[in-house]
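Dear colleague,

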Amino acid sequence: MSRNISGCPLPKPITLTARLAPFVGKIVTVVTPGLIRTTGVLSNNSASGFTVGALRVPFATSFYILLPVRGRPLLPFNVNARAEDLGEIGGQLVQVGRNFVELIQSRGSVSTLFPLNLFTEVHCEPMGDE
C-alpha cells in the first residue's frame with residue numbers, strides 16, 4: 001500500500017502522462033490546494049507534471065483534474081479519494097492506472113483524474129457491499 005490505495009482493482013498499464021496526452025491543446029480544469037480551480041489549455045505534459053494555462057502542476061503535489069469529456073463508469077466500484085488541502089471527493093470508478101485513479105464524481109458526469117502520490121489516499125469498495 002505504498003501509494004495509499006486500498007480495495008481497488010489492479011491498475012491498467014497506463015500512466016497519468018499517457019492519459020492526459022489526448023487532451024493536450026484542449027481546455028481542462030485543475031483543482032489545487034485551497035480548492036482553487038484553474039481552467040485553461042493543457043500543455044507541457046511530461047513525466048514530472050503538466051501546465052494548465054500559466055499554472056505548472058507537478059505530479060508530486062495535491063491536485064485533481066476535470067476532463068472535458070463525459071465519463072462512463074466501467075467498473076462496479078465506489079471510490080473515495082482524499083487529497084491534502086483539497087478534502088475528499090467520491091464517485092464511481094472508471095479505471096485505475098499506474099499512478100492515478102479516474103472516477104466520475106457523485107455530483108457530476110465528467111471524468112476526474114486523481115493522482116496517486118504522497119499527498120493522496122484512495123479507497124475503493126465494490127458496489128452493492130453494505
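**Contacts of F114**

F114 touches residues from several parts of the sequence, namely F63, Y64, A81, R82, A83, I89, F100, V101, L103, T120, E121 and V122, where residues up to four places away in sequence are left out of the count. Please keep in mind, as you look at these contacts, that the model is predicted.

**The nonpolar cores**

F114 also belongs to the largest nonpolar core, which has 18 residues, and together with Y64, V101, V122 and C124 it touches the most other members of that core. The elements that each give two or more residues to this core are β6, β7 (77-83), β8 (87-96), β9 (100-105) and β11 (120-126), and β7 gives the most, with 4 residues.

**Strand β2 and its partners**

Which strands does β2 pair with, and how do they run? Strand β2 (residues 27-32) is joined to strand β3 (residues 36-46) by 6 bridges, and the two run antiparallel, while 3 bridges join β2 to strand β6 (residues 64-70), again in an antiparallel arrangement. On the β3 side, V30 stands opposite T38, whereas in β6 the bridge partner of V31 is Y64, a residue that you have already met in the largest nonpolar core. The hairpin of β2 and β3 has 3 residues between the strands, and in this hairpin G34 takes a positive phi near 85°. Strand β2 is mostly covered, with 5 of its 6 residues buried.

With best wishes

Conventions: Residues are numbered from 1 along each chain as its sequence is written. This is a predicted model: local features need pLDDT of at least 70, side-chain atom pairs count only at pLDDT 80 or more; totals for chains, interfaces and linings use all residues. Side-chain values use heavy atoms; hydrogens and water are left out. Buried means under 20% relative accessible area, exposed over 50%, partly exposed in between (1.4 Å probe, protein chains only). Two strands pair if DSSP finds at least two bridges between them. A nonpolar core is a set of buried Ala, Val, Leu, Ile, Met, Phe, Trp, Tyr and Cys residues joined through side-chain atoms within 4.5 Å. Contact means heavy atoms within 4.5 Å.
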